[in-house]
Structure formats: structure tokens, C-alpha cells
Amino acid sequence: MGAADAQTKRPLCFLLLGPPGAGKGTQSAIIARRTGVARISTGEMLRDAIARKTPLGEQAAPLMDNGNLVPDSLLVALIAERVTEADCTNGFLLDGFPRTVNQAESLDRLVADRGMELVVMNFDVPRAVLLRRLSGRRWCPNCQATYHVETSPSKKPGICDQCGSKLIQRPDDRENVVAKRLEAYEAQTVPVIQHYEKRGPVHRVDGYRDVDDVFAEVEQYLTGAMS
Ligand code: ADP
Ligand code: ADP
Ligand code: ZN
């Protein structure tokens, strides 16, 4: 390998791991806005499929409404197709994927096939805080913007700043469903963190701080990974 090859930086695949309500969506949106990296949120893609009543949406809706994960085969196919789009050529950021070891293994193959390098962050937030974040989360069904009644309210209560639509609570943010989602997280997604810890560094981010303070740390870590 010549010197030029050695200096060629491989495209990066950023992973944001963490429980529901940890701030993955909030932070990934800021990262995408600030760096221009393609952001892939599987939760948003699934909610979009539900809104458009596609076959994927029809299959996913009852599972999501009950706090269950959507089958791996559907998610793996969704990601495999999404990353072939032009905006992903120089790297991408995943929010909400992988959520099972099986998904992680198929992502490992995809990343290897594309000659990419993984950069993994795990957001840590105490459970009591997650419950407050999820119960206060409000969501725009039109443009998927996310708010919080206390920590990041919309300018006009109940109305989306971006598009003027009425904000709602996501059906899966109801209290009984949240408990189920946290169980699914413990059983199926915590092993994903262990999967990555065996392979390389997983940067732990204390997510129980103001959005800007969390972002400052994320930015510092990403800048290091990108240089
Ligand atoms: P996730 O995508 O991990 O489920 P979100 O980014 O949607 O998490 O955040 C969950 C809720 O908590 C949202 O209502 C969001 O506005 C709010 N939130 C996100 N980050 C913070 C933070 N650092 N401090 C306080 N509230 C936050
Ligand atoms: P949160 O941000 O609160 O963690 P998401 O928007 O990421 O929630 O996901 C909402 C729901 O969409 C999940 O509870 C699950 O049903 C489904 N989902 C999203 N991503 C995946 C995935 N990678 N594998 C399986 N199901 C998923
Ligand atoms: Zn909106």
C-alpha cells in the first residue's frame, strides 16, 4: 500500500446507541444539521411507512403500538436499500439501528463490504429520567419534529414550529407501552452494546445533561474520529 492509500480515510458509519428517550433522535438531528452527514432514523422511516400505509407500515404498526420490535429481516432490508442512496456514499449516521445482535451482525457485514469504519457511541440516562422524557415527548405527525413539554417546548403550545401542524403524543409513548419498550431494550438491545464492546471502543456519553452540553461532548468525540 502506497502512502496515498494509507492516508485515504475510510467512510465512517456512526452509531448512536441508547434506550428509548436517551436523546438519540435529538442529537442525531443536530449532528446531521451541523456536519451534513446523512442521518438514518429507523423509527422515523417506519413511522413514515405507517403514514403512507405501505406494506412495511401495515406490518410494523401493530408491533410498534405495542412496544415490540419490528422483525430483523424487515429492518435489515430497509437499511440495505437506504445506504445505496447517493447521500450515503461518504458515510452515514444511524439512529435506532441496530437494536438486536442479529441486526448488528448484518450491519457488520454491510460496513465491511463497503470498506467503512464504525464509530460507536452509547447514551447513558437514568431510567427515571427516561420515563419523564418519554411521557413529555410531543411529536409532529406531519414532519416528525420532536419536542418536550418542559425541556424543549414548541413556541406555541401544541403546535409544530416547523410546519404548524398539531402536536401529539406518539402512541408508543403511552405509559403502558413505554414499560414494554424498556423491557425490549434490556432484553434485545443491551446485548448489542456488548457486541460492539468486544470489537472496539464504545464511547459512553452521559446523556443526562442539557442538550447543548451533550452535543458538545458528541461533537468532540466525532471530530476526533473524523480527523
Ligand atoms: P430517543 O430518540 O433516544 O428516543 P429523543 O431525542 O426523542 O430520544 O428525546 C426524548 C425526549 O427527551 C424528547 O421529548 C426530547 O425533546 C427530550 N430530550 C432529548 N434530549 C434531552 C436532554 N439532553 N435534556 C432534556 N430533554 C431531552
Ligand atoms: P425511540 O427513539 O424512542 O427509541 P424509535 O423511534 O427509535 O424510538 O423506534 C420506535 C419503534 O420503532 C421501536 O419501539 C420499534 O418498534 C421500531 N423500531 C425502530 N428501529 C427498529 C429496529 N432497528 N429494529 C426493530 N424495530 C425498530
Ligand atoms: Zn411539523
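Predicted model: local features only at pLDDT ≥ 70, side-chain atom pairs only at ≥ 80, totals over all residues.
Me: Which residues in α3 meet α4?
Reply: On the α4 side, the residues are L56, G57, A60, A61 and M64. By class, this contact has seven nonpolar, two polar and one charged residues. The residues that α3 brings to it are G43, L46, R47, A49 and I50.

Me: How are α3 and α4 oriented to each other?
Reply: The axes of α3 (residues 42-51) and α4 (residues 55-65) lie 8 Å apart, at an angle of about 115 degrees. Their crossing is left-handed. Angles of 65 to 115 degrees count as roughly perpendicular. The two helices α3 and α4 are therefore roughly perpendicular.

Me: Is α2 parallel or oblique to α9?
Reply: Helix α2 (residues 24-35) and helix α9 (residues 211-226) have axes that come within 10 Å and cross at roughly 55 degrees. That angle makes the pair oblique.

Me: What is the handedness of the crossing where α2 passes α9?
Reply: From α2, the contact uses T26, Q27, I30, I31 and R34, while α9 supplies V211, V214, F215, V218, E219 and L222. These residues divide into seven nonpolar, two polar and two charged. As for handedness, the crossing of α2 with α9 is right-handed.

Me: What is the geometry of the site of the zinc ion (ligand 3)?
Reply: The protein donors are the SG atoms of C140, C143, C160 and C163, lying 2.3 to 2.4 Å from the zinc ion. In sequence, these donor residues are spaced C-x2-C-x16-C-x2-C. The angles among the four donor atoms are 98 to 120 degrees, and the site is tetrahedral.

Notes:
Residues numbered from 1 in each chain as written. Chains lettered and ligands numbered in written order. Heavy atoms only, no water. Axes fitted to C-alpha atoms, helices over the stretch in contact; angles between N-to-C directions. Helix = DSSP H or I, 4+ residues; strand = E, 2+ residues; numbered from the N terminus. Parallel < 35°, antiparallel > 145°, perpendicular 65-115°, else oblique. Left-handed = near helix turned anticlockwise from the far one by under 90°. Contact = heavy atoms within 4.5 Å. Nonpolar A, V, L, I, M, F, W, Y, C, P; charged D, E, K, R; others polar. Donors = N, O, S within 2.8 Å, 3.2 Å for Na, K, Ca; no water. Tetrahedral: all angles 85-135°; square planar, octahedral: opposite > 155°, others 65-115°.
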